[in-house]
Amino acid sequence: MSLSGRYDYVIVGGGSAGCVLASRLSELADVSVLLLEAGGRDRHPLIHLPVGFAKMTSGPFTWGLKTVPQEHAENREIPYAQAKVIGGGSSINALVFTRGNPVDYDRWANEEGCAGWSFNEIRRYFVRSEGNSILSGEYHGTEGPLGVSNIGDPQSMTLAFVQACQQAGMPYNADFNGAVQEGAGAYQITTRNGRRCSAAVGYLKPVLDRDNLTVETNCLVHRIDLDGSRATGVTYQRGNTLISVAAGREVIVTAGAIGSPKLMMLSGIGPAGELNRHSIQVRHELPGVGKNLSDHFGIDIVAELNGPKSLEKYDRFPLKYWAALEYAMFKSGPMASNVVEGGAFWHSGASTGVPDLQFHFLAGAGAEEGVPGVPSGSGITLNSYTLRPKSRGEVRLRSAEPADQPLVDPNFLAETEDVKTSAEGVRISCEIFSQPALRKHILRMHNPADIPSDAAGFAEYARRFGRTSYHPNGTCRMGIDSMAVVDPELRVRGLEGLRICDSSIFPSLVGSNTNAPTIMVAEKASDLIRGNRV
């Protein structure tokens, strides 16, 4: 065991939230900040190439997780991609920039015990984080660290998708993050000058030369160190060395919806029964740690095209080399595509009020782990998911060994309402593919090869082929009731000097992708920690 000094703030987890907090807290010249990340640096070129997303849902930049068998999804163990690299999910995700619907945050504030988190109160943190190259006004920022851009030249199949959505009755929407969420269009993406702008690139890289900021990678944190009811530091492993470091002001956990509850329980903070099961001393009982896990359950349909019209055509000579040359010279062309170029927010029924379904269109097939390709190598994919699922699962420990993966059970499709909405999402997806704008390009459907004829058939398809959409949250949820883990200022209930500031604190899932909301949480957390008026 060695001692590695003392810092004012020790941040555990170098994902989206950790990078934001390391940047914002180190703005204070009189404090010292240590950021610890289990993964490595973001040096691989595919991380920064937008089209590289297609190679990122498995491999060395993820933890290699799988769910436990999903009881309501044919007992499948579903691959569960979670990032293991500086920048976290923002370094490997599909770069889609959406922030949810105002009703999501108003629900947090007004129904779920999270005062101060209504949309009107947190909108400024979205705006502060955003460096939008096109949009401005009350919903958008232009000077923030997170680069946001339009896709320069959407693929022809993406444009056909947007037209097909309009033919199916959806309005065109040029800004999913503006006054109206519903409709179809091309997504804005987190790029700047044709390159991925992760939280590591936007927030962390520009400040790495600060004398008061230390960033350590390839560090596996074993536990949060406690002195009575106060967090005093952390113990972590780098190589074969076990190191303890002290936190003079706070330990800030930003290890994500899977990693944060795991670390809490390894530290003796969590449900007594779970800790006792692994012979871990109960230092502070908090029954909500690891509970309330929810995620978007995405269901893909895949079609084969009647010619080389999707991004796969650039896998072949000579187009591959022309694409590489275009990107090298102009940062444009197919390599500047995030693959998931188009999308929509829509309703499963007439009385849903706000959209309860989201769609992601991929100008390719087989781009993500678990999603099939097509024989000709030229296909398209449409993913749909229920935006606010009712089903709840949990994260549990596999053992008391820090290196062992936790047990992840999203409990997909446990609630009848989720099944119904998911099935309707698949039906609408098939309807979109049947519209003239897309139908003329489709040779045959592959998944499903035969379109179901009723709701039961669509539900069966969802159970068989659905998967994670990489948006786990809620496992250290914010609130004021007995199952809440943190209070509305993100302080761990009953302990001093310890906060959790990532997607695990969401009291419920927001109706969109979750990277921008996670960054918003960290932006607000930085003000809470510094004592700024919020």
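1. Axes here are lines fitted to C-alpha atoms, for helices over the stretch in contact, and angles run from 0 to 180 degrees between N-to-C directions. Helices (H or I, at least four residues) and strands (E, at least two) are DSSP runs, numbered from the N terminus.

2. The model is a predicted one, in which local features need pLDDT of at least 70 and side-chain atom pairs count only at pLDDT 80 or more, whereas totals for chains, interfaces and linings use all residues. Residues are numbered from 1 along each chain as its sequence is written, and side-chain values use heavy atoms, with hydrogens and water left out.

3. On the overall fold, the protein has 14 helices and 23 strands, and its C-alpha trace spans about 65 × 50 × 45 Å along the principal axes. The radius of gyration, taken over C-alpha atoms, is compared with a globule rule of 2.2 Å times the number of residues to the power 0.38; for 534 residues a compact globule would have a value near 24 Å, and the 22 Å of the protein agrees with this.

4. Of the 534 residues, 62% count as buried, where buried means under 20% relative accessible area, exposed over 50%, and partly exposed in between (1.4 Å probe, protein chains only). Among contacts (heavy atoms within 4.5 Å) with a separation of 6 or more, 70% come from residues 24 or more positions apart.

5. Helix α1, residues 16-25, is mostly covered, with 10 of its 10 residues buried; Cys19 and Arg24 are among them.

6. Helix α1 packs against helix α14 (residues 515-530) at an angle of about 35°, with the axes 8 Å apart. The crossing is right-handed, a term used if the near helix is turned clockwise from the far one by less than a right angle, and left-handed if anticlockwise. The α1 side of the contact includes Val20, Leu21 and Leu25, and the α14 side includes Ile519, Ala522 and Ile529. The residues of this contact divide into 8 nonpolar, 4 polar and 3 charged, with Ala, Val, Leu, Ile, Met, Phe, Trp, Tyr, Cys and Pro counted as nonpolar, Asp, Glu, Lys and Arg as charged, and the others, Gly among them, as polar.

7. Serine 378 lies in the loop between β17 (357-362) and β18 (379-386), and counts as buried because its relative accessibility is 4%. Its side chain reaches the backbone oxygen of glycine 307 at 2.9 Å and the backbone nitrogen of lysine 309 at 3.3 Å. Leaving aside residues up to four places away in sequence, serine 378 touches residues including Ala303, Leu305, Pro308 and Glu312.

Definitions and conventions. A polar contact is a pair of N or O atoms within 3.5 Å; within protein, one must be able to donate a hydrogen and the other to accept it, and residues adjacent in sequence count only if both atoms are side-chain atoms.
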